[in-house]
Amino acid sequence: MSRRVTSVCLHVGLLAVAAVTIFPFVWMLMSSFKYADEISAVDQHLLPRVWTLDNYRSIQEHFDVVRLFGNSLLLSVAITAIAVYSSLLGGYVFGKYRFRGRGPLFALVLSTMMIPWAVVLIPRYTMFTDAGLQDSYASIIIPAAISSFGIFMMRQSMNNVPDEILEAARIDGASELYIFHRIVAPLSVNAISALAIFQFLWVWEDYLWPYLMLTTPSKQVLAVGLTTFSGQYSTDYGGLFAATTVSIIPVVIVYVIFQKRFVAGAASAAVKG
Amino acid sequence: MRLVVVTTIIVAILALVAWPILAALLGSLHDWNPLNGTYRWVGLANYHRLFADPVFWTSTVNTVVFMAGAIIGRVVLGMALAYAIYSRLTRAKTLFRTLFYLPTVTPIVAVAYVWRLMYNPQFGAVNSIFGFDVNWLYDSRFALPAVMVMTIWKDFGFAVILYLAGLYSLSADVLEAAEVDGAGAWPRFRRVIWPMLRPTTLFVVVTSMIGYLQAFVQVFVLTAGGPGDSTSLISYLIYQQAFVKYDFGYASAAAFVLFIGTALLTMLSFRAQSAPWRGKEAHR
C-alpha cells in the first residue's frame, strides 16, 4: 500500500469517528430549535425547517432553568475553590515535609480512591440526615471539600517546587503560610488549573448526592433538574433537548477555549500515576 | 501548619470514609429501614437473601458483561485512534484529539438523556440514520449493548489521550530501530508498541474497571434497569434497594460484596502486571 493510500484511509477513518463523536451534540442542538411536530416527524432533517426558541421559553417558564443553572454554577465554583486549596495544602505537606507516618498516611489517602460510592453512600446519607444537614448546601460541600485525588495530584506536582527556594525563604524569615501562598501556589499553577477543571466537571455532573440531599426544588442542581423535568414532562421532547443543551453547551464552549489545559491535565494525571 | 493539615486529613478520612465503611458493614448485618426506624440484628440474613436473589445474579452477570464490553471497546478504540493520530501521515492531530475527548468532559446525566432520545424508536437518530426499526432500550436483546455503546462513546476519548501520551513518551530510538529492521506496520505494533504501552493499558483497564463496576447514571437514565432486569447493574440494584425500597440493610450487604469484588479485581490486575512472564515480555 502506498503512503498516499494509507494516509487517505487514516484520515477517512478518523473523520468517520469524529463525525460519530460530535453528531449527538449537533443533533441535540438543532432539535432544541425545532417545534414538537418537526421533532417527531417521520421525515427527519438535521436542520430545523422553522426555527423557534419556544422550547427554551417553556423550560424557563415551567422549570426556572436559569435558577438551576445558577445553583450548579455556584456549587461548582465554591467546591472547586475549596477542594483545590485543600488539595494544594495537602499535597504540599505530603510533598515537602518529613514526618513520622507520612508514607502510610499517604497510602491511606490513595486507597480511599478505590472505594465504591455505593459503600459509603448509605451511612453518609444517614449521617448527614441525622445531623440536620439535609437540604443545605453544606451537605454538598463538606464531603467534596477534601479530595484524595486532588491531594495525590498536587503531591506529584511538588517536584516542580525546588527545595532550595523554600529553604532560602525560610532563612529569610518567611512564615510557612507566606511560603505556601507566595511561593508554592504560584509554582503550581499548571497542576492547579488541571485539577480545577476535573473538580469543576465532577461537581457539575454530580447527580445522586444532590438528588438525595436537596429537597427544595429551587435549591436543586441542573443535573437533578433534568431528571425531574423528564419525569414530569416525559413527552416534551423539545423541552428535554433544550434542557440538555443548557447543561452541555457551556461545558463544550469552555472546553474548546481551554482544550490544551484539559488534555494536559488528563495526560499528566495518568502518566504520573 | 503541618499538624493542622494532617489532623484535618485524618479526621476527614475517619468521618467520611472509615466510619461509613464500618457502618455499612454493621448495617449489612441488620434489618435496617430508616423510614420506620427499624435497626434489628439479623446476622448474615441479608447476605443469604442476596445470594439467593436471582436479580442479584442477573445484575452481577450484566455488570461483568457491561464492564468487559466497555473496557475492550475503550482499549481497542483508544489504542487504534491514538496510533492513527500518532502516525506521521496524519494531519490536524490536535483537532482529532480535541474532538475525541469532547464526550468525556460533558456531563453524563445530560449526555445520557441525549442518547435516550437518539435511541427513541419514533424519531431517534440511530434508527433514522441507519434505517433500523428497533426499539433499542425496550428490547431485552439490545438494551444492554445500547447502554454499552453510549458508555464507550462517552469514554473512549480519555483512553485516546492516555495512549497518545504513552506513545509520545516511548523512546524514539526503539521505534526507529524497529523501522530500520524493516518490520511492517502490524508486526511493529504487535511486537514493539503494544508491549511497551502495557503500563498505559494497565492504567486504563484498572481505572475503567473501578469506574464501570460503579456505573449507575447511564442505566438510571436510559433504561431504569429494564426491560425486566436485563440492564440492572450492581450499583443500580444497590440504589434501588436503598433509595426506592429503603431496605438499607440489604443494600449495604450488596454494597459490601461490590466493595470486596472491586478490591479483589484491582489486586488481581496489579498481580497480573507484575507477574514475571509479563515483565520478560515487556523487556524483550
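**Close-up views of a two-chain predicted model**

**View 1. Helix 11 of chain A is mostly covered.** Of its 17 residues, 12 are buried; a residue is buried if 20 or more other C-beta atoms lie within 10 Å of its own, exposed if 12 or fewer, and partly exposed in between, with C-beta atoms placed from the backbone. The buried set includes A:Phe198, A:Phe200 and A:Trp204. A:Gln199 and A:Glu205 are also among the buried residues. The helix covers residues 189-205 and reaches 24 Å from its first C-alpha to its last, close to the expected 24 Å. That expected span is 1.5 Å times one less than the number of residues. Helices (H or I, at least four residues) and strands (E, at least two) are DSSP runs, numbered from the N terminus.

This is a predicted model: local features need pLDDT of at least 70, side-chain atom pairs count only at pLDDT 80 or more, and totals for chains, interfaces and linings use all residues. Residues are numbered from 1 along each chain as its sequence is written, while chains are lettered from A and ligands numbered from 1 in the order in which they are written.

**View 2. Helix 9 of chain A is hardly covered.** This helix spans residues 163-171, and the count of buried residues among its 9 residues is 0. A:Gly173 follows helix 9 and has a positive phi, near 90°.

**View 3. Chain A as a whole has 15 helices and 0 strands.** Its radius of gyration is 23 Å, whereas a compact globule of 273 residues would have one near 19 Å. The radius is taken over C-alpha atoms, and the globule rule is 2.2 Å times the number of residues to the power 0.38. The C-alpha atoms fill a box of roughly 75 × 70 × 35 Å along the principal axes. Buried residues make up 39% of the 273 in chain A.

**View 4. Chain A meets chain B.** The contact takes 68 residues from chain A and 69 residues from chain B. Two residues are in contact if their C-beta atoms, placed from the backbone, lie within 7 Å. On the chain A side, helix 1 (residues 3-31) gives the most, with 14 residues. By class, that side has 48 nonpolar, 16 polar and 4 charged residues. Ala, Val, Leu, Ile, Met, Phe, Trp, Tyr, Cys and Pro count as nonpolar, Asp, Glu, Lys and Arg as charged, and the others, Gly among them, as polar.

**View 5. The largest nonpolar core has 147 residues.** Such a core is a set of buried Ala, Val, Leu, Ile, Met, Phe, Trp, Tyr and Cys residues joined through C-beta atoms within 7 Å. B:Val109, B:Val160 and B:Ala255 are among those that touch the most other members. Helix 7 (residues 143-169) of chain B gives the largest share, 16 residues. B:Ala255 touches residues of chain A, including A:Pro116 and A:Ile122, and also B:Ala24 and B:Ile238, not counting residues up to four places away in sequence.

**View 6. B:Gly249 lies in helix 13 (residues 248-274) of chain B.** This glycine is buried, with 27 other C-beta atoms within 10 Å. B:Asn46 is 203 residues away in sequence, but the C-alpha atoms of the pair are 6.7 Å apart. Leaving aside neighbours within four places in sequence, B:Gly249 is in contact with residues including B:His30, B:Asp31, B:Trp32 and B:Asn46.
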